[in-house]
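Please examine the sequence and the model shown below.

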Amino acid sequence: MTVEKRPAFESPAVLVAPAPVAPVMKRPTATVFGAILVVCRVVAGIVWLISLAVLWRRVLIDDLGLALDSDAQAEAGSNLALLVVLVVGGIVLAVQLVLALLIYRGSNWARITVMVFATLSITWSAFDYFATDTEITLRTTLITLALDILVLLALSSRAARAYARRPRSRPRDVSARATG
């Protein structure tokens with residue numbers, strides 16, 4: 001069995017050209033794996049939000065350097081800030097879950113959107129590591145960084161691209177068939 005190797009450099013025109021595929025195509029493993037990885041990213045986000053909620057007071061005191069008094073107003077403000085972070089985080093995770101479903105169904109724009117955000121997340125982690133001496137550990141960003149890299153590898157494959165960009169057959173209009 002001979003497999004054609006991919007060249008190290010390909011012209012952008014070749015990469016942008018539509019791949020010759022049939023309208024009915026089996027969903028590639030790379031697409032399924034990419035969607036599963038996005039769901040894993042959502043699960044990691046849920047775990048992070050739960051741990052943030054449990055450790056909120058310690059995060060405010062140790063990481064942000066805020067001195068919390070036993071003042072009721074300060075406590076209410078702290079709880080409101082936590083609620084805002086949890087709601088925004090929940091919305092972001094819900095959007096990621098919808099994108100995972102769309103990727104599984106073959107949406108090209110969802111695939112590209114997830115790859116762009118994964119790239120931004122990886123870039124931010126690299127910047128944070130090199131500029132601020134933040135450690136990449138299992139407790140901080142290692143899991144999300146690994147998931148982002150795997151998402152990029154899976155969704156940028158030729159098979160995933162061909163599946164997402166395949167021509168779709170449109171269902172026939174039933175009323176046009178009935179009259180004609």
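## Aromatic pairs

Trp124 and Phe127 lie three residues apart in helix H5 (residues 108–132), so about one helical turn separates them. Helices (H or I, at least four residues) and strands (E, at least two) are DSSP runs, numbered from the N terminus. The rings of Tyr129 and Phe130 form an edge-to-face pair, because their centres are 5.1 Å apart and their planes stand at 75 degrees. Rings of Phe, Tyr and Trp (its six-membered ring) pair if their centres lie within 6.5 Å; planes under 30 degrees apart count as stacked, over 60 as edge-to-face and the rest as tilted.

Across the whole structure, a search finds two aromatic pairs. The pair of Trp124 and Phe127 is tilted, with 5.7 Å from centre to centre and 40 degrees between the planes.

## Exposure of the aromatic residues

Trp124 counts as exposed at 56% relative accessibility, and Phe130 is exposed with a relative accessible area of 65%. Phe127, at 48% relative accessibility, counts as partly exposed, and Tyr129 counts as partly exposed at 36%. Buried means under 20% relative accessible area, exposed over 50%, and partly exposed in between (1.4 Å probe, protein chains only).

## Basis of the model

This is a predicted model, in which local features need pLDDT of at least 70 and side-chain atom pairs count only at pLDDT 80 or more, while totals for chains, interfaces and linings use all residues. Residues are numbered from 1 along each chain as its sequence is written, and side-chain values use heavy atoms, with hydrogens and water left out.

## The protein chain

The protein chain contains eight helices and zero strands. Of its 180 residues, 26% count as buried. Among contacts (heavy atoms within 4.5 Å) between residues at least 6 apart in sequence, 80% join residues at least 24 apart.

## The cavity

The structure holds one cavity of 30 Å³ or more. On a 1 Å grid over the protein atoms alone, a cavity is a set of points where a 1.4 Å probe fits but cannot get out; lining residues have an atom within 4 Å of a point. The volume of the largest cavity is about 30 Å³, a volume being the space filled by probe spheres set on the grid points, which are joined across faces, edges and corners.

Residues that line the largest cavity include Thr31, Ile103, Arg111 and Tyr163. Helix H7 (residues 158–164) supplies the largest share of this lining, three residues.

Key: On a 1 Å grid over the protein atoms alone, a cavity is a set of points where a 1.4 Å probe fits but cannot get out, and a pocket is an open set with protein on both sides within 12 Å along at least five of seven lines; lining residues have an atom within 4 Å of a point.
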